[in-house]
Amino acid sequence: MTGQLVHLRRHGVSVLLDVAGPGVPALLHWGRDLGTDLPVREAWVPPVPHGTVDEPIPTTLLGGGMASPGLRGSRAGQAWAPRWTVDDVARPDDSSVAVRCTDAANGLTVSTTLVLDAHGVLTVGHVLRNESPDRYQLDRVAVVLPVPHRATELLDMTGRWARERHPQRHQFTAQGTWLRESRSGRTGHDATLLLVAGTDGFGNGRGEVWGAHLAWSG
């Protein structure tokens, strides 16, 4: 860890995390190896355009900024906008990090782990805990992974009987949401195994890609 940046490196992949707080960590980079000579944290802070807020709002691993919120929930309509504080940053080894954030006023704790495996595959997970005796209704918890502007295409899977897992592509537009819902479970003919964002015309041997797959213990 260098200052307020955590750099994970393994198998040609770098993951750069901003743990400066006060909120949930922000993922600055996940992709090709950045090497050891990193710029200071301030170099990663985006400029503030005209006609917007005075300070840049980072997109954290729980959303925020211009991203859809990764956490939705409340206590009977209250405590629906947590204000997180970074409490602890642990580095078990050079390829993993665990960050704990709390919202003491609303009795919530979120623990986030990031692990790079031996193949350079990144695993990210949240554990949300209700530390209050009052009931908390959780509507959504998700991991938000930003990609760079050069990722201009999306690829996932669709299909029908005898043509399952058929790849489809479309442009990664600047606005809107690409939503895939499964009505028949993971084994459905049109169920997608992953979502991939990539540079223009990416293929098996060319371009850069950022792929995501949802893993659920249930």
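Which backbone oxygen does the side chain of T60 reach, and at what distance?

Tutor: Happy to! This is a predicted model, in which local features need pLDDT of at least 70 and side-chain atom pairs count only at pLDDT 80 or more, while totals for chains, interfaces and linings use all residues. Residues are numbered from 1 along each chain as its sequence is written, and side-chain values use heavy atoms, with hydrogens and water left out.

The side chain of T60 reaches the backbone oxygen of G63, at 2.8 Å. That is a polar contact, meaning a pair of N or O atoms within 3.5 Å; within protein, one atom must be able to donate a hydrogen and the other to accept it, and residues adjacent in sequence count only if both atoms are side-chain atoms.

T60 sits in the loop that links β3 (26-32) to β4 (71-74). Strands here are DSSP runs of E with at least two residues, numbered from the N terminus. T60 counts as buried because its relative accessibility is 12%; buried means under 20% relative accessible area, exposed over 50% and partly exposed in between, with a 1.4 Å probe and protein chains only. Setting aside residues up to four places away in sequence, T60 touches V24, P25, A26 and V144, where contact means heavy atoms within 4.5 Å.

Now follow the chain to L71, which is found in strand β4. L71 also counts as buried, because its relative accessibility is 13%. L71 and L61 are 10 residues apart in sequence, with 9.9 Å between their C-alpha atoms. Again without residues up to four places away, L71 touches L62, P82, W84, L128, Y136, L138, R140 and V141.

As for V15, its contacts beyond four places in sequence are V6, H7, L8, L27, H29, W30, L114, L116 and L122.

The order β5-β6-β7-β8 makes an open sheet of four strands with antiparallel pairing; two strands pair if DSSP finds at least two bridges between them. β5 (85-93) and β8 stand at the edges with a single partner strand each, so one side of each has no neighbour in the sheet. The twist averages 15 degrees from one strand to the next, with axes fitted to C-alpha atoms and angles running from 0 to 180 degrees between N-to-C directions. Inside this sheet, eight bridges join β6 to β7, and S96 stands opposite V115 in β7.

One last check concerns confidence. pLDDT, the predictor's confidence in each residue from 0 to 100, has a mean of 90 for the protein, and 98% of the residues reach 70 or more.
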